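Here is a short briefing for a first look at this structure.

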Amino acid sequence: MLDKGTQARSDGDIALMGMPHVGAYYAKGYSNKKRRYAADRDAICPFCGKPATEVHHVVETGMGGHQLPVNVYTEWGTFPLFSPLWAVCGFGNCSGCHGWLHSGISVVWVWDDDESEEIHRTGYLWTICEPHSSLLWEMGHYEIKQGGRTIRELRNGRCTDVHPQ
């Protein structure tokens with residue numbers, strides 16, 4: 001079950017909340033009720049290999065990507081989940097790989113097996129794994145889509161192009 005503020009978000013955005021970061025993290029605490037975040041020291045862009053200059057909220061900030069958590073209520077407790085963060089190259093939302101990610105690209109998390117998907121669906125996952133944990137890479141990966149077609153995958157924080165057969 002989700003909190004009321006979550007109702008306006010898409011199912012795809014909700015499914016991304018709590019998934020692993022790539023080269024970035026949320027700092028402890030809040031500033032003016034907003035989560036603070038930063039790129040890892042010496043982070044590189046997973047898409048092109050250049051030094052990371054921006055932190056991308058996978059769930060856009062206008063869609064609640066970092067302002068407020070999605071509170072997931074389960075029989076095991078309540079789990080506040082935030083958008084994953086990716087350290088990428090570019091300046092603002094209009095250049096480099098950060099600009100590319102804001103140009104109509106969509107992102108989905110794909111579970112590698114039915115069991116992993118089920119423990120996520122029920123919320124049990126958050127009792128055995130911290131949100132944004134690198135352990136999540138052992139259970140799934142990101143797919144980057146353009147025009148509904150998967151063009152790249154992020155596995156263990158590394159990007160590969162997907163070539164249609």
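Which residues are linked with Asp-112 in a network of salt bridges? The network joins Asp-112, Glu-153 and Arg-155. A salt bridge here is a side-chain nitrogen of Lys or Arg within 4 Å of a carboxyl oxygen of Asp or Glu. By this rule the count comes to 5 salt bridges.

This is a predicted model, in which local features need pLDDT of at least 70, side-chain atom pairs count only at pLDDT 80 or more, and totals for chains, interfaces and linings use all residues. Residues are numbered from 1 along each chain as its sequence is written, and side-chain values use heavy atoms, with hydrogens and water left out.

**Salt bridges**

- Glu-153 pairs with Arg-155, with the closest N and O atoms 3.1 Å apart.
- Glu-153 is buried at 16% relative accessibility, while Arg-155 is partly exposed at 38%. (Buried means under 20% relative accessible area, exposed over 50%, partly exposed in between, with a 1.4 Å probe and protein chains only.)
- Glu-118 bridges to Arg-121, and their closest N and O atoms are 2.7 Å apart.
- Glu-118 and Arg-121 are about one helical turn apart, because they sit 3 residues apart in helix H3. (Helices, H or I with at least four residues, and strands, E with at least two, are DSSP runs numbered from the N terminus.)
- Glu-118 is partly exposed at 36%, and Arg-121 is exposed at 59%.
- Arg-152 and Asp-161 also form a salt bridge, at 2.9 Å from N to O. Asp-161 is partly exposed, with a relative accessible area of 46%.

**Surface charge**

- Asp-113, Asp-114, Glu-115 and Glu-117 form a surface patch of negative charge. (Such a patch takes residues with over 30% relative accessible area and no salt bridge, like charges being joined within 9 Å.)
- Glu-115 belongs to helix H3, residues 114-122. Glu-115 is exposed, at 63% relative accessible area.

**Loop residues**

- Ser-133 sits in the loop between helix H4 (125-128) and strand E8 (140-146). Its relative accessible area is 15%, so Ser-133 counts as buried.
- A polar atom of the Ser-133 side chain lies 3.0 Å from the backbone nitrogen of Leu-135.
- Pro-46 is in the loop between strand E2 (34-39) and strand E3 (54-57). Pro-46 is buried, at 14% relative accessibility.
- Pro-46 and Val-88 are 42 residues apart in sequence, yet their C-alpha atoms are 6.9 Å apart in space.

How values were computed. Patches are made of residues with over 30% relative accessible area and no salt bridge: like charges are joined within 9 Å, nonpolar side chains (Val, Leu, Ile, Met, Phe, Trp, Tyr) within 5 Å. Accessible areas come from the Shrake-Rupley method with a 1.4 Å probe; for residues, only the protein chains shown count as cover. Lys and Arg count as positive and Asp and Glu as negative; His and the chain ends are not counted. The place of a charge is taken as NZ of Lys, CZ of Arg, CG of Asp or CD of Glu. A polar contact is a pair of N or O atoms within 3.5 Å; within protein, one must be able to donate a hydrogen and the other to accept it, and residues adjacent in sequence count only if both atoms are side-chain atoms.
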